[in-house]
Amino acid sequence: MDFDHALFHADLDALPWVSYSHAYGSAEDVPGCLRALAGDDDAAAEEAQSELYGSILHQGSVYEASAKAVPFLARIAAADIRTADVLLLIGGIAEGGEDPSPEAGDGPPAEAGDRPPAEAGDGLPARESDEAGESDEVACRRAVVAQLPLLLGALDHQDRAVRQAAAWAAGWTGAAGAGAAVPALRDRAAVETDPLVRAELLSTLAQLDPEGTARAATEAIGPDGSPPELRIAALLASADIGLPWTPAHDEAALALLPLDRLVADRFDHVRNEPLHHLTVTLLLRDTDPDREAVFALLDGALRHPDPEARTEAVWAALTACELSRGAPARLVGALTAAAEADGGGAGADSGSGAGRAASGDVSGALSALGRIGAYGELAADLLATRAAGEGDAADRALEALVTVDPVRAAPLLARDLENRPRAFAAACGGPVGSLPPLPYDPALLAAVRRRLGAMEPGSMALPRLAALLLSWGPDAGPAVPELLAALPAYPRQLPKVLAAVCRPEQRGEVAEALRSLARTAPADDRFEAARALHQLTGDHRPLLSLLAERLAAGAGGGDGALRETATAAAALGPAAAPLVPALRAALNAPDADRNNPQMDADIAIAVALHRITGEAAEAVPVLAGVLGDGDGLWRRWTFVRAAEAAAGLGPAGRPLVPVLKALLTDPEQVPPAVLALRAVAPDALDTDRSAGLLLDAAEAGAAPAEAVEALVALGVDTLSDEHRDRLTELGERDLRVVRFGLSGTIEAADDRLRARIRTAVVGRARTAVVSRG
């Protein structure tokens, strides 16, 4: 159709864009972007499209201006101007406001509603967001549903990319658009010949009409002669719909490997890693047949001759191990086979595996073996052999060996510490100290001492070395000379290490070095020395003097430094009495509009005042002000710290009961709130209800370790039979309880939690047996 640019510009100017909002504030720039997108300058149009993705569809989020822009985007697409790209933007806006389930309450199907879709290109917003409380997401969804005639009409476009984009976008109209979209999509599917468009149509139908698409998905798995793009779409749809996963599905998936290439030109970013998506979808069904189906599929994929297929399989297998407690035992053999195949395939030159072929860890299987806990010990010989080699593959193998056989790993790491950065990081506790450090080893200590002696100022290795030495304690005492030599260059990092590792015969020398540093170093460098000196000798005078200076100077560095100062004062107890007036003066006003760092500082000051004076009268209102703050966004850990501080008050914290009980509505806050209530007012704690809330939190994956510890603190023997059974189930079920964390730490954290639950339940059972006896 002809495009009337003058009318388009006039209609744009008729709307108050400056009053609409998008990701960066006022949407006053949107009309210019829309004009450029509809214009003849391809470079300007491309830039405008990028700007619109950044503003009205920012990282998948939609805004008021997003809905207002939809009808204008529709007019551009209807005029066949950059149609595929514009339809994708319209579909993305619908996805940002997506709620496609029939139960979502988004209104009746389009043909049954009392407001028919607007004609594409009528220049009016699809449906004004004038309903009270209507969100931007709902407004966007309604706006796109109103353009269904455009989307469905484009299904017959001569350009394959347009048909594919239209099919994808129609899928995000959800329940509100399904009534009109499904028949049109089926009609197009009956005549479509392009494999990618057929795949997009099938996926969209599975999303909008799962029950009605089940048969088509099953048939589309098809024989080997069917288009592979359609077959993988059918496999994904079968899993999403909830169809039983049969040997035929496994056979088809394995025959199609590697799978990522088959969806590379699709617009579905939710399923753009098919094997990974199948793994997650089937495991979350949480049935034995589905688990076995996943493990069989991954076993076959890990043993596949194509390194690209193995790379996909390793990523999916790692996800399986994060989700399923049974996955490591079931997959260790296949992961070992993949690692062995990688060692023989360093010359591979195909696919994504080729990019890593030179490392000898084409699929990543060597690294993966370190993620499966004790089961990785079955591959210890292979890992040790590879770790004795050279290059990145040796480093990755040693990194895994550190986890599965630390005693065997230590001398290998000591032999070449400088050239094993990944293994060295794992030995020092992994990412941010989330894993156990390598146990003490004399040869490794000698290597660490050599590295300390050769280290340049500002070395990034120091924090890791410090963590390792701290974990060894006095066993690391021989490193004191090197630590003392490095102390002037690292006055903030090394004092606590020296205090922790020095042996009795070294205390005099270490104490003198710390005392000198606390007396002569620049102000910012004296604090850790004074604190370590107090820890080592009990001499609190240098630390007390320094804390007084910091408080007099406003803590010398903002709220973080103030919190640190207050925490150190609390550790001194009554000896810090001279600091009380300055600590009181540093508190924020109770009704102040405080940010999280300020609240954290106030919590630390409240704790310090209580520990120094022995009185809770000043701490209670401070903690009440934090815990009663109405704006809890992003304050989880601040509230946790406040609740822990409340627990430290004991019965004197009883006035905090109302604000602590209010935290019980937030699953992440339930564990510290329950423990605090137990400490300050046990008679006000409903133990049975609290146990139920703690189990709810753990089962939902919200602070599961903290929830279990709180249950143990309540006493497993006090739990009802129902609650005890639920706790036991948490320890025995296949789906992991710990679901979130840094990559590589979830499995270990869940294994520790499982062991804690089993110990608690078994301990209670043994106690019961003894008592009956």
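Modeller: Start with aspartate 80, which is found in the loop between helix 4 (64-78) and helix 5 (83-96). Helices here are DSSP runs of H or I with at least four residues, numbered from the N terminus.

Biologist: What is phi of aspartate 80 near?
Modeller: Phi is near 60° there, a positive value in a residue other than glycine. Most residues other than glycine have a negative phi, and most peptide bonds are trans.

Biologist: What should I know about the source of these values?
Modeller: This is a predicted model, where local features need pLDDT of at least 70, side-chain atom pairs count only at pLDDT 80 or more, and totals for chains, interfaces and linings use all residues. Residues are numbered from 1 along each chain as its sequence is written, and side-chain values use heavy atoms, with hydrogens and water left out.

Biologist: Is the peptide bond from leucine 257 to proline 258 cis or trans?
Modeller: That bond is cis, with omega near -10°. Proline 258 sits in the loop between helix 13 (247-256) and helix 14 (274-283).

Biologist: Back to helix 4. At what angle do helix 4 and helix 6 pack?
Modeller: About 10°, and the axes of helix 4 and helix 6 (residues 136-145) are 8 Å apart. Axes are lines fitted to C-alpha atoms, for helices over the stretch in contact, and angles run from 0 to 180 degrees between N-to-C directions. So helix 4 is roughly parallel to helix 6. The cut-offs: under 35 degrees is roughly parallel, over 145 roughly antiparallel, 65 to 115 roughly perpendicular, and the rest oblique.

Biologist: Which residues of helix 4 and helix 6 make the contact?
Modeller: Glu64, Ser66, Ala67 and Val70 come from helix 4, and Asp136, Ala139, Cys140, Ala143 and Val144 from helix 6. Contact means heavy atoms within 4.5 Å. By class, this contact has six nonpolar, one polar and two charged residues. Ala, Val, Leu, Ile, Met, Phe, Trp, Tyr, Cys and Pro count as nonpolar, Asp, Glu, Lys and Arg as charged, and the others, Gly among them, as polar.

Biologist: And how do helix 31 and helix 33 cross?
Modeller: At roughly 15°, with the axes of helix 31 (residues 559-572) and helix 33 (residues 596-613) coming within 8 Å. Helix 31 and helix 33 are therefore roughly parallel to each other.

Biologist: What is in the contact of helix 31 with helix 33, by class?
Modeller: There are 11 nonpolar, two polar and four charged residues. Helix 31 brings Leu562 and Ala566, among others, while helix 33 brings residues including Ala604 and Ile605.

Biologist: New topic. What volume does the largest pocket have?
Modeller: About 970 Å³. On a 1 Å grid over the protein atoms alone, a pocket is an open set of points with protein on both sides within 12 Å along at least five of seven lines; a cavity is a set where a 1.4 Å probe fits but cannot get out, and lining residues have an atom within 4 Å of a point. Points are joined across faces, edges and corners, and a volume is the space filled by probe spheres set on them.

Biologist: Which residues lie nearest the centre of the largest pocket?
Modeller: Gly370, Arg371, Thr403, Leu435 and Gly744, out of 45 lining residues. Helix 41 gives the largest share of that lining, six residues.

Biologist: How many cavities of 30 Å³ or more are there?
Modeller: Two. The largest cavity holds about 70 Å³ of space. Its lining includes Trp168, Glu200 and Arg271.

Technical notes:
Helices (H or I, at least four residues) and strands (E, at least two) are DSSP runs, numbered from the N terminus.
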